[in-house]
Amino acid sequence: MSQTILITGASAGFGAAFARRLVADGHRVIATARRADRLTALRDELGAAKLLPFALDVTDAAAVAALPDALPEGWREVDVLINNAGLALGLNPAWTADIAAWDTMVATNVTGVIHMTRALLPGMVARNTGHVINLGSTAGIYPYPGGHIYGASKAFVTQFSLNLKADLLGTGVRVTDIEPGLVGGSEFSQVRFGGDADRAAAMYAGTTPLTPEDIAETVSWVLGLPAHVNINKVEMMPTCQAPAALAVKRQA
Ligand code: 8X3
C-alpha cells in the first residue's frame, strides 16, 4: 500500500537512498533537508508526483512545529516519519572536543529528532496508523574513543524509540530504531572530519562497509511488514566489523 513518507536529511547519503528506494516501492516521499537545490534535483529524478521537496532545518524549532500545516494540500497526512538527519563531528578526546560541535550534534541528533516526532505524531495517533523510523547507531550501543557525544546522542535515539513504543501501545503506530555500524558511500565521515577527504577515506580502507542502499533495504523491509508486526530495533554491521573487546590500558 502506498504511504506518504517524510524523510529528514534527504539531500544525500542515507536519506537520498531511502527516497529512491521508497519511491521505487510505490510510496510518496516528502524529502526534507536544508539544501533545497539537492532536493529539487531529487524531485527531477523521481518525479513531482512521487517526491515533494521541502526545505527544512530540523534544528529550527519554529519551522518544525509549523511543518504539519505548512505541507501542501494532499501531502499533510504523513504516514511514516524517518528521522534520518544526524551527524558526527570530530573524533578527538572529550577533553579537547569543540563544545560548539557537541551542541550541534545534540541540536540535530537529539532535539531535531524529538521536535520532528512531536510535530508529526499527533496526526498518526489521530488516524491510528503510522510509523516512526529512527536512525540510531552501533555507536549508541558500543563506545569507542572519540565517540562521546555522537554515541551518547544515538543512545538517546534508541531509548527514545523504545519509550515512544511504550506510549504508543494500544495505537496502530509503529516505532523502529535502526542501528547501523560502518557505512560507506555517504558524507558521514567527510562531515565528521571537516571535509578532510583523505581522513574520511581512511575509515573505509581495506573494508567492505555497509552502503546507504543496505540501510534502505532494511527500511523497506520494516515498512513492508504486516501492520501487526513491529520491529523494535535492527542492529546491523558489515561482515568485516564486530563488537569487539573492551579496551585495557597495559603498563609499558
Ligand atoms: C555511525 C557508526 O561507528 O561510524 O553511526 O560512528 S560509526
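Trainee: Into how many nonpolar, polar and charged residues does the lining of the largest cavity divide?

Mentor: This is a predicted model, in which local features need pLDDT of at least 70 and side-chain atom pairs count only at pLDDT 80 or more, while totals for chains, interfaces and linings use all residues. On a 1 Å grid over the protein atoms alone, a cavity is a set of points where a 1.4 Å probe fits but cannot get out, and lining residues have an atom within 4 Å of a point. Ala, Val, Leu, Ile, Met, Phe, Trp, Tyr, Cys and Pro count as nonpolar, Asp, Glu, Lys and Arg as charged, and the others, Gly among them, as polar. On that basis the lining comprises four nonpolar, four polar and no charged residues.

Trainee: Which helix gives the most to the lining of the largest cavity?

Mentor: Residues are numbered from 1 along each chain as its sequence is written, and side-chain values use heavy atoms, with hydrogens and water left out. The lining consists of T8, V58, N83, A85, T108, G112, V113 and M116. Helices (H or I, at least four residues) and strands (E, at least two) are DSSP runs numbered from the N terminus. Four lining residues come from residues 99-127, helix α4.

Trainee: Which elements give two or more residues to the lining of the second largest pocket?

Mentor: A pocket is an open set with protein on both sides within 12 Å along at least five of seven lines. The elements giving two or more are β5 and α8.

Trainee: What is the bridge partner of E179 in β7?

Mentor: Strand β6 (residues 173-180) runs parallel to β7 and is joined to β7 by four bridges. In β7, the partner of E179 is E235.

Trainee: What is the angle between the planes of F14 and F18?

Mentor: Rings of Phe, Tyr and Trp (its six-membered ring) pair if their centres lie within 6.5 Å; planes under 30 degrees apart count as stacked, over 60 as edge-to-face and the rest as tilted. Three aromatic pairs occur in the structure. The F14 and F18 pair is tilted, with 6.0 Å centre to centre and an angle between the planes of 50°.

Note on methods. Pairing = 2+ DSSP bridges.
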